[in-house]
Amino acid sequence: RFSTGVGDAHKQQTQNLDSFHTPNAYGENWFYDQTRLPVQHATTIDPGVYKDPEAFRLERKRVWEASWACVGVTSQVARHGDVIVRKVGSQEVIITRAKDGQ
């Protein structure tokens, strides 16, 4: 069993390791509770998350495809017709300079 509680100041919660590593766990707030504690009590998320395809899919969807991301600077498209292409999450983004300079 895996304990997600730390000390007397925090309620101890227990999760079965078999269910802890299911893809559904990555979308649940409780999975990240330990990362949100005060720094002296916080821990990192389970290392398996960094290699799991489902966790990567959720990160792309919830972080990279749900918010603004810097993909370049204006000097990279300084002249009309200049183009840069970037991949953000699973989406390709095309940035260009229009005839009117916009």
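Guide: In this predicted model, Trp 30, Phe 31 and Tyr 32 form one aromatic cluster. Residues are numbered from 1 along each chain as its sequence is written, and side-chain values use heavy atoms, without hydrogens and water. Because the model is predicted, local features need pLDDT of at least 70 and side-chain atom pairs count only at pLDDT 80 or more, while totals for chains, interfaces and linings use all residues.

Visitor: How many aromatic pairs are there by this rule?

Guide: Rings of Phe, Tyr and Trp (its six-membered ring) pair if their centres lie within 6.5 Å; planes under 30 degrees apart count as stacked, over 60 as edge-to-face and the rest as tilted. The count comes to two aromatic pairs.

Visitor: What makes the pair of Trp 30 and Phe 31 edge-to-face?

Guide: The ring centres of Trp 30 and Phe 31 lie 6.0 Å apart and the planes stand at 70°, so the pair is edge-to-face. For Phe 31 and Tyr 32 the centres are 5.0 Å apart and the planes at 75°, so this pair is edge-to-face as well.

Visitor: Why is Phe 31 called buried?

Guide: Buried means under 20% relative accessible area, exposed over 50%, and partly exposed in between (1.4 Å probe, protein chains only). Phe 31 has 6% relative accessibility and therefore counts as buried. Trp 30, at 24%, is partly exposed, and Tyr 32, at 22%, also counts as partly exposed.
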